[in-house]
Amino acid sequence: MAQDFDNMGKNLWTDHAEDLSKFVLDVDDVEVLEHLDTEQQTVIAKRTDITKRIRIDNQEAILHVELQLRESTDKPMWARNAQYQGYLVGKYQMPVYSNVIYFHPNAGKYDPGGYTYKRNGYEHVNRYKVIRLIAIEGQAILEMQAPGLLPFTPLMKPPAGMDLERWLQQCVDATRSTLVDQRTQAELLYGIYLFGGIVYNSELLGQLVSEELMQESKTYQLLSEKFTRQATIENTLALLERRFAVDAVRALVPALQSITDSQKLKQLLLEAAEVQNIEAFAQMLNE
C-alpha cells in the first residue's frame, strides 16, 4: 500500500511540478528545469522520492522531497536525509532544498528537521523542512486553485468548526470544478480517494468519489491492471494445487510471475483447469 502512495505522489510531481514546488518552497518565483534520476549505486540502491533541478531567485538549485506516509522505521529520517543530501550535494555541487512531507496526521511530530554536531574542531549541519499536512490550513490551499495540490487537501486542517465529512466533500467539489481536462480531473480525484483512505473510511470515500469518476486516471488504471494480474496468477496457482503436487506447482511461481501479457495469463488460467499434467503446463509457460 505504501508503494501506491509513492506512485501517486510521484505522478502528481511529474504532472504538476510547478504547483507542488511552489508549495513546498513557499515562494512563487520557481522554475522547474529538469527531473533528476537519483538512484545511488551503493551497496543497496537508494532512490530519493522527488528530485528536480530548479531555478529560484535566479539561481539554480536542487529541490528534494521525501513523501512519508508514517514515521520512518528502518532508519531515522534525519539519518536518511543526511545520506540523501550528502549524495545530492556531492553529485550536483549546488544548494539542495530538502523537504519531508508527512501524510498521516500523527506522523512527523518529533522529526527534528535536521542533524548537527560540533566537537573537537569538527562541525556538520544538515537541515530540511518538515511539512506535516495536518498542520496546513486546507481552505487556503483550496483558494490557491492549484490543481496539483488538491489530492492532498483532505489530509490538511479543515476550517474551524467544520467536521471531516463536510471538509472531504468540499475538497471533492473543488476538484470536480477545477479547470482541467477530464483525464487530469480523474487523476486528481483518484489522488483524493487514495490519500483520503489514510483518515477517512472507504464507504464515505466511495460515496463521494465513485469508481466512474476515477476510471480515466492513469494511476488508477495501472493499479487496476496490477490487481487483476495478481488475482489471475493466484487463481491459476490455486487451480493447479488442487490437481497436482503443491511443490511442483510452487516451482512454477517465478515463471508465472514473470509473464506481463495479460491475455496469456488469462489463457493459462483456463488451461490450468484442463491440462493433463504439470509438465504440460510448464511447457505452456515457456511458449
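At 36% relative accessibility, Lys-157 counts as partly exposed, where buried means under 20% relative accessible area, exposed over 50%, and partly exposed in between (1.4 Å probe, protein chains only). In this predicted model, local features need pLDDT of at least 70 and side-chain atom pairs count only at pLDDT 80 or more, whereas totals for chains, interfaces and linings use all residues. Residues are numbered from 1 along each chain as its sequence is written, and side-chain values use heavy atoms, with hydrogens and water left out.

Lys-157 forms a salt bridge with Glu-137, the closest N and O atoms being 3.5 Å apart; a salt bridge is a side-chain nitrogen of Lys or Arg within 4 Å of a carboxyl oxygen of Asp or Glu. This pair links distant parts of the chain, with Glu-137 in the loop between strand 7 (129-132) and helix 4 (138-144) and Lys-157, 20 residues apart from it, in the loop between helix 4 and helix 5 (164-177). Helices (H or I, at least four residues) and strands (E, at least two) are DSSP runs numbered from the N terminus. Glu-137 is partly exposed, with a relative accessible area of 42%.

The whole structure contains 8 salt bridges. A network of salt bridges links Glu-31, Glu-34, Arg-53, Arg-55 and Glu-60. Within it, the closest N and O atoms are 2.8 Å apart for Arg-53 and Glu-60, and 3.9 Å apart for Glu-60 and Arg-55. Relative accessibility is 21% for Arg-53, 33% for Glu-60 and 29% for Arg-55, and Glu-60 is partly exposed. Asn-58 lies in the loop between strand 2 (50-56) and strand 3 (59-68) and counts as exposed at 70% relative accessibility.

The chain comprises 13 helices and 7 strands, and buried residues make up 44% of its 287 residues. The largest nonpolar core has 52 residues, of which Val-24 and Phe-103 touch the most other members. Helix 6 (residues 182-196) gives the most to this core, with 6 residues. A nonpolar core is a set of buried Ala, Val, Leu, Ile, Met, Phe, Trp, Tyr and Cys residues joined through side-chain atoms within 4.5 Å. Residues up to four places away in sequence aside, Val-24 touches Trp-13, Leu-63, Val-65, Asn-99, Ile-101, Lys-129 and Ile-131, contact meaning heavy atoms within 4.5 Å. A second, separate core of 18 residues includes Phe-244, Leu-252, Leu-256 and Met-284.

In helix 12 (residues 262-272), Leu-265, Leu-268 and Ala-272 are buried. These residues cover an arc of only 60° around the axis, which puts them on the same side of helix 12; the arc is that of the directions from the helix axis to the C-beta atoms. Gln-263 and Leu-270, on the other side of helix 12, are exposed. The buried residues of helix 12 pack against helix 9 (218-243), helix 11 (253-257) and helix 13 (278-285). Arg-243, found in helix 9, is partly exposed with a relative accessible area of 37%. Neighbours within four places in sequence aside, Arg-243 is in contact with Ala-272, Ala-273, Glu-274 and Val-275.
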